[in-house]
Amino acid sequence: MSHYPVRMDVKPEVTAFFDEATNTISYIVKDPSSTACAIIDSVMDIDYAAGRITHDHADKMINFIKDNELKLEWIIETHVHADHLSAAPYIQDKLGGKIGIGQKIMVIQDTFGKIFNEGTDFQRDGSQFDALFEDGDTYQIGNMTAFAIYTPGHTPACMVHVMGDAAFAGDTLFMPDGGSARADFPGGDAGQLYDSIQKVLALPEQTRLFMCHDYGPNGRDIKWETTVGDEKKFNIHVGSGKTKEEFVKFRTERDAQLSVPKLIIPSLQVNMRAGHVPQDEDGNPVLKIPVNGL
Ligand SMILES: [Fe+2]
């Protein structure tokens, strides 16, 4: 990348919170020169069979921030997740901070607003979020500058967020032995995903890369941190110079065999509302299941 807009000598303190139920990794990222911090991709707990929502995972992060007397400035969503629910509003209510996502959230809201037959009170303009990022936008976490890279392919609204020498990959890449995320959701595109991954791999090689998910392939322990250099060399889907053509063929064939994520129906309804659970006409929280709609 010719114009790398953040200082790589700034090394944020990154603390990971692994959610066993969904194999998601949430992060608290602290500016090394102040008490400011950001949360990346929080998780709200759901017992879907029981229709019960709780906040144990989010409470762990909230307690960490309180115990360390940090100031939460941002609650970032790398994308609209289809496999877990965001706890962003719950955390914002307790600690403040701005909820940010990619500006293309509007595309997601339009697509799934139709699938879930949302009424006219469901705004499709991203207004549920406090900030909508475009490619290359920068923002501050205390004295540390962050920037967002537009990385569509897994979904149309995906972004990778770079903070000092750390980048949060969202669902572009997995660990080198995990490869890449699926590209078959509505608006997903394997060719676009390949191009987006190249943008991430164009970051300086020593950039620390933090994953949103890990499934411990081949029985290994869960891991979430690698580097751009290691992804370039070793990623099983895109590393060591794999071509776009090879990637698209492989990704398309693989995606055709994957089953639908268990939590896709509640996740989309909640996450396209910035983590708010939809309500019925009496104001009670309620989720829909469109039959044969997805
Ligand atoms: Fe995802």
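The model is predicted, so local features need pLDDT of at least 70 and side-chain atom pairs count only at pLDDT 80 or more, whereas totals for chains, interfaces and linings use all residues. Residues are numbered from 1 along each chain as its sequence is written, and side-chain values use heavy atoms, with hydrogens and water left out.

His-79 belongs to the loop between β6 (71-76) and α2 (88-95), and Asp-171 to the loop between β12 (166-168) and α4, so the pair ties together parts that are 92 residues apart in sequence. Helices (H or I, at least four residues) and strands (E, at least two) are DSSP runs, numbered from the N terminus. His-79 is buried, at 1% relative accessible area, and Asp-171 is buried at 5%. Buried means under 20% relative accessible area, exposed over 50%, and partly exposed in between (1.4 Å probe, protein chains only).

**His-81**

Now select His-81, which is also placed in the loop between β6 and α2. Is His-81 buried or exposed? Its relative accessibility is 0%, so His-81 counts as buried. Apart from neighbours within four places in sequence, His-81 contacts Asp-41, Cys-212, Ser-267, Leu-268 and Asn-271; contact means heavy atoms within 4.5 Å.

**Ala-36**

Move to Ala-36 in strand β3 (residues 36-40). This residue is buried, with a relative accessible area of 2%. Beyond its neighbours within four places in sequence, Ala-36 has contacts that include Lys-71, Glu-73, Ile-141 and Gly-142.

**Helices α4 and α6**

Finally, display helix α4 (residues 190-201) with helix α6 (residues 244-255): their axes come within 9 Å and cross at roughly 130°. Axes are lines fitted to C-alpha atoms, for helices over the stretch in contact, and angles run from 0 to 180 degrees between N-to-C directions. In α4, select Ala-190, Gly-191, Leu-193, Tyr-194, Asp-195 and Ile-197; they meet Lys-244, Phe-247, Val-248, Arg-251 and Thr-252 of α6.
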